[in-house]
Amino acid sequence: EQLRILEVQLRAIDEAVVTVRKNTWEGSPGPSCFAVFENQVAASTAAQCVISRATNRVYRAFPAPGPDDVNWQTLLNKTEDNRVNAMMAWPFILTLIFFPTGMFATIVTSVCQVQSDSSTADITGFLDWYCSDDAKVYAGLISGVLPPVLLTLWEVFVISFYMLYLVQKQNAHASLSATDRRFLRFYWIWSLINVLIGGIFGGAFSLFQTTFTANVTFADVQTNFGRVLPLSSNFFLLFIVFRAIYLPVQRLLLPHPGAICMAADIFWCQRRGKCARTPRDKTLLYSPRAVRMGREIGVFMLVMLLGLTFVCVAPLIPLAAVVFFISNFIIWRYHVLYVYERGYESNGAVWFTITQLVILSLLISQTFVSCVLFSKEAYIQGAVLYATVPYYLFHYYGILRRKYGGASCWSVPLSEAMAAPPTDFGGEIYTHAALRPAAEGWYPDIGKVWRGYPGVTAKNNSRSRGDSRGFIHLLFKSRTKYGKGA
């Protein structure tokens with residue numbers, strides 16, 4: 001009897017979904033639309049022209065993302081709503097970036113140095129034993145293993161998930177690839193502030209106690225950074241070794257949380273009969289995950305930043321970074337081919353973002369090398385680095401930006417547009433998944449970039465109509481007070 005009741009309820013839900021889908025198609029258009037041009041010449045002309053009335057801000061033109069790269073959560077909301085969401089998410093993003101987890105994780109390595117200071121003699125009996133010769137082995141294990149493990153756990157379960165959710169909540173971009181690149185920039189900033197600078201502070205906390213006083217100068221800060229940079233290298237060496245040896249092996253055995261969910265399901269559900277999985281539940285739990293490129297590239301950029309910073313101070317760290325890149329290349333190549341699925345195709349748009357972060361990493365590396373030279377009283381050499389390296393990096397970045405960073409990297413030249421043959425396509429490719437006839441009741445489309453990580457993207461069917469006849473070159477978003485249109 002209970003089974004029949006549930007079947008009736010399920011059929012009612014399926015009918016309600018079909019009714020909502022029909023009402024959405026027949027209702028008013030959504031806040032955004034896809035614009036299709038008659039030929040390549042018209043599209044290229046519009047892409048290279050400013051469409052304006054009085055303020056030049058009525059419309060903005062974007063290159064169209066691919067059908068698998070559309071960020072529907074941004075397009076289904078009005079611009080004003082997206083701005084409110086962005087403002088509400090900013091405080092939480094800044095909190096995650098500036099919360100000093102790196103310093104808290106690495107301060108374990110300098111707790112005995114703080115204890116030996118007479119100004120901090122009020123400590124517990126445990127610290128007295130911990131810093132004694134009797135506990136030298138335990139202190140070495142704790143200070144060597146605990147900091148990289150704590151920082152890795154924070155990065156995996158907090159930064160990689162919650163900051164990703166917050167970036168998507170901002171609804172700043174119409175494509176999933178651009179949203180991923182936005183997260184990559186935030187991840188790099190977190191790596192610089194929390195991992196690099198926070199790790200340096202925590203690894204030599206006692207030396208920084210007398211640095212930030214009322215009479216401190218910028219030269220004093222640079223000199224102290226140069227003195228403590230070699231002292232904090234042990235933590236960064238262990239951190240990279242942990243990621244170069246242990247984590248690749250773990251990811252080879254457990255590539256994504258779906259493997260853990262399946263093992264728990266076999267033990268708890270199938271063996272003991274404690275739960276019943278519907279097809280939708282199994283799809284959410286066991287479906288292949290997509291490679292979160294923003295996070296994965298961010299990890300590589302983090303290790304590269306650490307290797308470049310300590311290349312002249314601790315030569316073992318660059319060697320450990322090389323081992324990290326070799327081991328992770330083998331594991332992630334296997335995962336990309338056989339484990340994960342492709343979330344979107346952006347035609348290499350992330351390359352320019354990686355280039356920007358590499359140049360910034362080189363600039364940070366030069367700054368810390370100059371600090372080390374100043375601490376060794378090599379003022380001329382440090383000043384020469386300041387005078388030459390930033391100029392060369394920014395000059396080279398300007399060349400790359402003019403060639404690859406502007407509209408010239410995606411606009412089609414008019415000569416090529418004139419020779420391009422006409423093309424046609426069906427509007428179904430730009431139709432929201434929930435509005436497709438084959439999506440009977442539900443559809444396992446969980447955000448693509450973060451497929452298999454539920455809750456990142458919202459699918460609001462009642463607002464997802466728009467004009468889904470597709471577009472091939474431009475997406476226009478109106479900035480008038482009445483909303484958006486084409």
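Val303 is placed in helix 15, where helices (H or I, at least four residues) are DSSP runs numbered from the N terminus. The structure is a predicted model, in which local features need pLDDT of at least 70 and side-chain atom pairs count only at pLDDT 80 or more, while totals for chains, interfaces and linings use all residues. Residues are numbered from 1 along each chain as its sequence is written, and side-chain values use heavy atoms, with hydrogens and water left out.

With a relative accessibility of 0%, Val303 counts as buried, a term that stands for under 20% relative accessible area, whereas exposed stands for over 50% and partly exposed for values in between (1.4 Å probe, protein chains only). Residues up to four places away in sequence not being counted, Val303 touches Ile240, Ala321, Phe324 and Phe325, contact being defined as heavy atoms within 4.5 Å. Val303 and Phe236 are separated by 67 residues in sequence, and their C-alpha atoms lie 9.3 Å apart in space.

Phe236 and Leu196 are the residues with the most contacts inside the largest nonpolar core, which has 51 residues; such a core is a set of buried Ala, Val, Leu, Ile, Met, Phe, Trp, Tyr and Cys residues joined through side-chain atoms within 4.5 Å. At least two residues of this core come from each of several helices, including helix 4 (79–98), helix 8 (136–169), helix 12 (233–253) and helix 15 (293–309), and the most, 11 residues, come from helix 9. When neighbours within four places in sequence are left aside, the contacts of Leu196 include Phe236, Leu305, Leu306, Ile364 and Phe368. Apart from this core lies another, of 7 residues, with Val70, Trp72, Leu75 and Leu76 among them. In soluble globular proteins, nonpolar side chains tend to be buried together.

Leu146, by contrast, lies in helix 8 and is partly exposed, with a relative accessible area of 34%. Together with residues including Val137, Tyr138 and Phe157, Leu146 belongs to a nonpolar patch on the surface, whose accessible area is about 770 Å² in all. Accessible areas come from the Shrake-Rupley method with a 1.4 Å probe, and for residues only the protein chains shown count as cover.

Definitions and conventions
Patch = residues over 30% accessible without salt bridge, like charges linked within 9 Å, V, L, I, M, F, W, Y side chains within 5 Å. Salt bridge = Lys/Arg side-chain N within 4 Å of Asp/Glu carboxyl O.
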